[in-house]
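Look at the sequence and the model below. The report that follows takes the fold piece by piece.

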Amino acid sequence: MFPLQRHRRLRKNDSIRSLIRETHLSPTDFIVPLFVVEGKGVKDEIGSMPNYYRFSLDLLAKEVKELWQMGLKSVLLFVKVEDALKDNRGVEATNPDGLMQRAIKTVKNAAPEMLVMTDVALDPYSIYGHDGIVDQGKIVNDRTNSFLAQMALSHAQAGADFVAPSDMMDGRILEIRSVLEEAHFTDTGIMSYSAKFASAFYGPFRDALDSAPVDVKDIPKDKKTYQMDPANRSEALKETFSDIDEGADIVMVKPGLCYLDIVRDIANEVEVPVAVYQVSGEYAMLKAAAAKGWLDHDAVMLEQLTAIKRAGASMIASYFAKDAVKLL
Ligand code: PBG
């Protein structure tokens, strides 16, 4: 007797394994998230994200040139806003000379072909750390949308290629698209965080931007009335279809690893590119385990990124982008 199938024939050595490999990572798979702060000469390591930094504009320019030379062609910008500039509606978010608007121009000056994507949500600008306007203990939907649309327009005017609404309000894609069209920003794209879960993996990011929901009486302490319940699956499709109907060019699932079933569901159903955000907590977990000597950093990193792509991601926003590209 012999086994009817000898699957191991196709695993015999590296040459045959590479010949039949289905998933390949390349520098063009990545979107690099970048944190920006005011100041000069600032390259400030984020405590819960080892080897990841907040950059002032001068050093942002340097970083972006380096990324471009490595073959990384898109960035996703986030700003850390000074407390004095925070309010309930994100007024500072539409300041034509605000940090985000200057960061967009800085990237375009440093690497003109770099694709610039920008986070659109109120949380870094909000005294409450919420993605929308807070009124009587609620995150109000429709009024928030008009602020988000003005924020997106301001990013487009500063030169953003794509705006990336990460707030999970209902109807914001349509409102943003309409405002962009009316202002003739017909070529500015929308990458929508369509299926964004109320995840505990965002902790280090909120440290990086000092944007966590505040612990104050009568203010919701979490984002569960707008971000999705991690227990749900079909809702992710509903959210994604809505965003595509409303004009999203790219849809996103976030976080990554724990949600790859959702990624596969969506990749099977939609005809637009699907992005995955491998979030700050995923980065922090691996860095911590590797620092302890408990996991092989590079091997685990590439395994995770490959799994995300295998699940159906056409692009990955990842804090590992630079680390990974060095190995490819
Ligand atoms: C802001 C935003 C968040 C992330 C991206 N955009 C945080 C949040 O929703 O609380 C998280 C990214 C990460 O954890 O890496 N709306």
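## Helix H9

This model is predicted. In H9, the buried residues are Ser280, Gly281, Glu282, Tyr283, Ala284, Leu286 and Lys287. They pack against four elements: strand E3 (49-55), H6, strand E11 (274-278) and helix H10 (297-310).

H9 covers residues 280-291, which is 12 residues. From its first C-alpha to its last, H9 reaches 16 Å. That is close to the 16 Å expected at 1.5 Å a residue. Just after H9 comes Gly293, with a positive phi of about 80 degrees.

## Around the ligand

Ser280 turns up again here, as one of the residues around the ligand. Val279 is also in this shell.

How does the shell divide into nonpolar, polar and charged residues? Four are nonpolar, two are polar and six are charged.

## The loop between H6 and H7

Helix H6 spans 203-209 and helix H7 spans 234-246; Ser211 is found in the loop between them. Gly129 is 82 residues from Ser211 along the chain, yet their C-alpha atoms are separated by 5.0 Å.

Asp210 lies in this loop too. Its phi is positive, near 55 degrees, and Asp210 is not a glycine. Asp210 counts as partly exposed because it has 13 other C-beta atoms within 10 Å. Asp218 is another residue of the loop between H6 and H7. It also has a positive phi, of about 70 degrees, without being a glycine. Asp218 is exposed, because 7 other C-beta atoms lie within 10 Å. Most residues other than glycine have a negative phi.

## A cis peptide bond

Most peptide bonds are trans. The bond from Lys254 to Pro255 is cis, with omega near -10 degrees. Pro255 lies in the loop between strand E10 (250-254) and helix H8 (260-269).

## Strand E4 and its partners

Strand E4 runs over residues 74-79 and is mostly covered. Five of its six residues are buried. Strand E1 (residues 30-36) is parallel to E4, and five bridges join the two. Val36 stands opposite Val79 of E4.

E4 also pairs with strand E5 (residues 115-120). How many bridges join E4 to E5? There are four, and these strands run parallel. One of the pairs is Leu76 with Met117 of E5.

## The nonpolar core

In soluble globular proteins, nonpolar side chains tend to be buried together. Here, the largest nonpolar core has 97 residues. Those with the most contacts inside it are Leu34, Val36, Val75, Leu77, Ala103, Ala152 and Ala275. Helix H4 (residues 142-158) gives the largest share of this core, seven residues.

What does Ala275 touch, not counting residues up to four places away in sequence? Its contacts are Met191, Ile250, Met252, Ala313, Ser314, Met315 and Ala317.

Definitions and conventions
Residues numbered from 1 in each chain as written. Near = placed C-beta within 6 Å. Nonpolar A, V, L, I, M, F, W, Y, C, P; charged D, E, K, R; others polar. Buried ≥ 20, exposed ≤ 12 C-beta atoms within 10 Å, placed from the backbone. Core = buried A, V, L, I, M, F, W, Y, C linked by C-beta atoms within 7 Å. Contact = placed C-beta atoms within 7 Å. Expected span 1.5 Å × (residues − 1). Pairing = 2+ DSSP bridges.
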